[in-house]
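Here's a quick briefing to read alongside the model. Have the sequence and the 3D view open as you go.

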Amino acid sequence: TMVRGQLEPLGVKWIVRDPNWSTDAGAQAITSLINEKPDVLLVQNPDIQSYARLLKRAEDTGIRVVQVNMRSAAKTSAFVGADWVGIGEAMAKAVVEKCSPKAGKSGKVSIVQGVLTAAASTFQMQGVQAVLAKNPDIKVVSNQAADWDASKARAVTDTALKQHPDLCGVIGFWDGQDTGTAAAIREAKKQDQVFLATNGGAARTGCANVANGNFSAYMTYDVKQQSQELVQVVKTLLASSARPAQDISRVTPVGVITKASLRDDSCWNLDEYNKK
């Protein structure tokens with residue numbers, strides 16, 4: 001919505017294809033768009049491999065491809081998205097600080113990943129592992145994929161809590177998914193015991209879950225800034241007849257929101273931008 005609102009007044013024709021979480025539908029949409037030969041193609045990948053060949057094909061036919069938030073194995077003209085490694089590191093550091101035996105806690109931590117082959121999961125896990133490698137007193141007692149599904153995250157966390165009643169922390173890989181994680185913690189009446197770190201694009205619902213105690217720490221990327229970066233990258237690609245010497249990369253910095261740091265403007269509301 002934000003990107004479209006800035007590009008359409010400049011004469012950019014905006015075509016949207018929503019695969020609704022279906023990788024097959026997404027592949028069909030990209031194939032169709034390649035045949036239509038747009039100047040620029042913005043794509044969010046479901047995982048590292050599924051669209052890689054199609055994105056390379058698009059680039060080979062002269063279409064500039066901008067990958068949004070999640071990379072594929074294919075290199076394209078540009079990437080604009082979150083610092084997933086940094087987010088993983090930030091979440092792990094927060095959980096380590098709260099759950100270390102040095103702080104008098106059990107040191108037991110659960111990890112709830114998204115789709116294992118998604119770039120967001122892959123790179124977040126790299127960040128998490130880098131921090132945990134330096135903190136051997138932290139024990140990962142559960143490391144499961146919930147496939148971005150809140151109900152699966154709830155079931156995974158419920159099992160971890162039953163198997164490890166002294167569980168101290170959970171590292172979750174997406175706020176939408178981790179509403180289920182939070183529900184399991186709440187139902188077990190362990191909100192005071194279990195520290196939940198998750199992440200997302202700082203939509204209003206994320207801040208609401210910080211305020212009500214569902215999320216202990218909320219690592220974010222600024223969607224408004226990301227939208228501005230996308231607009232600038234698209235303008236650059238449209239204005240250049242020559243291909244970039246290397247792929248353009250715009251990585252959104254990591255923000256951290258806790259109940260202590262929460263402000264009225266910490267998160268944004270999509271309805272406000274739709275009205276604009």
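Two strands count as paired if DSSP finds at least two bridges between them. Helices (H or I, at least four residues) and strands (E, at least two) are DSSP runs, numbered from the N terminus. This is a predicted model, where local features need pLDDT of at least 70, side-chain atom pairs count only at pLDDT 80 or more, and totals for chains, interfaces and linings use all residues. Residues are numbered from 1 along each chain as its sequence is written, and side-chain values use heavy atoms, with hydrogens and water left out.

- Six strands make up an open sheet with mixed pairing, in the order 5-4-6-7-8-10.
- Its edges are strand 5 (139-145) and strand 10, each of which pairs on one side only.
- From one strand to the next, the twist averages 20 degrees.
- Strand 6 (residues 169-172) and strand 7 (residues 195-200) run parallel and are joined by three bridges; Ile-171 stands opposite Ala-197 in strand 7.
- Helix 4 (residues 84-99) packs on this sheet, touching strand 4 (108-113), strand 6, strand 7, strand 8 and strand 10. Contact here means heavy atoms within 4.5 Å.
- The direction of helix 4 makes about 165 degrees with that of strand 7. For such angles, axes are lines fitted to C-alpha atoms, for helices over the stretch in contact, and the angles run from 0 to 180 degrees between N-to-C directions.
- Helix 6 (residues 150-163) also packs on the sheet, touching strand 4 and strand 5, and its direction makes about 165 degrees with that of strand 4.

- Five bridges tie strand 3 to the parallel strand 9, and Val-80 has Arg-250 in strand 9 as its bridge partner.

**Helix 9**

- Helix 9 (residues 223-239) has 17 residues and reaches 24 Å from first C-alpha to last, close to the 24 Å expected at 1.5 Å a residue. That expected span is 1.5 Å times one less than the number of residues.
- Its buried residues are Val-223, Gln-226, Ser-227, Leu-230, Val-231, Val-233, Val-234 and Leu-237. Buried means under 20% relative accessible area, exposed over 50%, and partly exposed in between (1.4 Å probe, protein chains only).
- Down the axis of helix 9, these buried residues fall within an arc of 170 degrees, so they line one face of the helix. The arc is that of the directions from the helix axis to the C-beta atoms.
- The cover over them includes helix 1 (2-7), strand 1 (40-43), strand 2 (64-68), strand 3 (78-82), strand 8 (217-221) and strand 9 (248-252).
- Asp-222 caps the N-terminal end of helix 9, with a side-chain oxygen 2.9 Å from the backbone nitrogen of Lys-224.

- In helix 8 (residues 204-211), the buried residues are Gly-206, Cys-207, Asn-209 and Val-210.
- These fall within an arc of 155 degrees seen down the axis of helix 8, so they line one face of the helix.
- Helix 7 (175-187), strand 8 and strand 10 (254-257) are included in what covers them.
- Gly-213 follows helix 8 and has a positive phi, near 90 degrees.
- Asn-214 sits in the loop between helix 8 and strand 8, and is buried, with a relative accessible area of 13%.
- The side chain of Asn-214 makes a polar contact with the side chain of Arg-186 (3.0 Å). A polar contact is a pair of N or O atoms within 3.5 Å; within protein, one must be able to donate a hydrogen and the other to accept it, and residues adjacent in sequence count only if both atoms are side-chain atoms.
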